Amino acid sequence: MRLRRDTIHVEECAFALGDCHCIDCRRSSGAPYVTWGSVPREDLSVTKGEPRKIAHANRIRSFAACCGTHLFFEEAKNSETIDVTIASLDDPRAFAPQKVIWLEDKLPWVTLNESLPSFPKTPNAA
């Protein structure tokens with residue numbers, strides 16, 4: 001499956017699809033949570049323009065230089081995977097979340113899909 005948003009191409013299907021409720025994701029997106037999909041770094045390419053990268057809390061977030069759309073999240077500059085914001089894709093319908101993370105930061109008025117596994121932080125830290 002091919003992810004596409006104008007000039008961003010991912011050759012493999014996203015994995016580790018999940019809704020993140022952490023305060024950093026909320027603040028960087030201006031939304032109550034962000035749905036992410038992880039992809040191998042080598043399967044991601046930007047063919048037009050260069051995303052603007054912002055380092056914060058030892059992590060890197062990338063935004064479209066033309067409009068400010070939040071595009072990527074990297075644990076480190078050389079991470080093996082990059083997280084892609086699913087809602088920024090041209091057609092995000094096929095990439096439904098499979099888990100919910102960082103519930104300890106969830107806003108009280110957000111309703112969860114109870115059928116998804118959920119974690120107070122991340123599955124590794126839960």
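**Cysteines, cores and spaces**

Author: C20 is buried, with a relative accessible area of 6%; buried means under 20%, exposed over 50% and partly exposed in between, using a 1.4 Å probe and protein chains only. This is a predicted model, in which local features need pLDDT of at least 70 and side-chain atom pairs count only at pLDDT 80 or more, while totals for chains, interfaces and linings use all residues. Residues are numbered from 1 along each chain as its sequence is written, and side-chain values use heavy atoms, with hydrogens and water left out.

Reader: How many disulfides does a search of the whole structure find?

Author: A disulfide is a covalent bond between the sulfur atoms of two cysteines. Here a disulfide is counted when a pair of cysteine sulfur atoms lies within 2.5 Å. The search of the whole structure finds zero.

Reader: Which residues make up the largest nonpolar core?

Author: In soluble globular proteins, nonpolar side chains tend to be buried together. A nonpolar core is a set of buried Ala, Val, Leu, Ile, Met, Phe, Trp, Tyr and Cys residues joined through side-chain atoms within 4.5 Å. The largest one has 11 residues: L17, V39, L44, A64, L71, F72, I82, V84, I86, L89 and F95. The elements giving two or more residues to this core are β8 (70–74) and β9 (81–85); strands are DSSP runs of E, at least two residues long, numbered from the N terminus. A second, separate core of seven residues includes C20, C25, V34 and W36.

Reader: What lines the largest cavity?

Author: Rolling a probe the size of a water molecule over the atoms shows where empty space is left. On a 1 Å grid over the protein atoms alone, a cavity is a set of points where a 1.4 Å probe fits but cannot get out, and lining residues have an atom within 4 Å of a point. Grid points are joined across faces, edges and corners, and a volume is the space filled by probe spheres set on the points. The largest cavity holds about 50 Å³ of space. Its lining consists of D24, I54, H56, A57, R59, I60, R61 and F73. β7 gives the largest share of that lining, three residues.

Conventions. Helix = DSSP H or I, 4+ residues; strand = E, 2+ residues; numbered from the N terminus. 1 Å grid on protein atoms, 1.4 Å probe; cavity = no way out; pocket = protein on both sides within 12 Å on 5 of 7 lines; lining within 4 Å.
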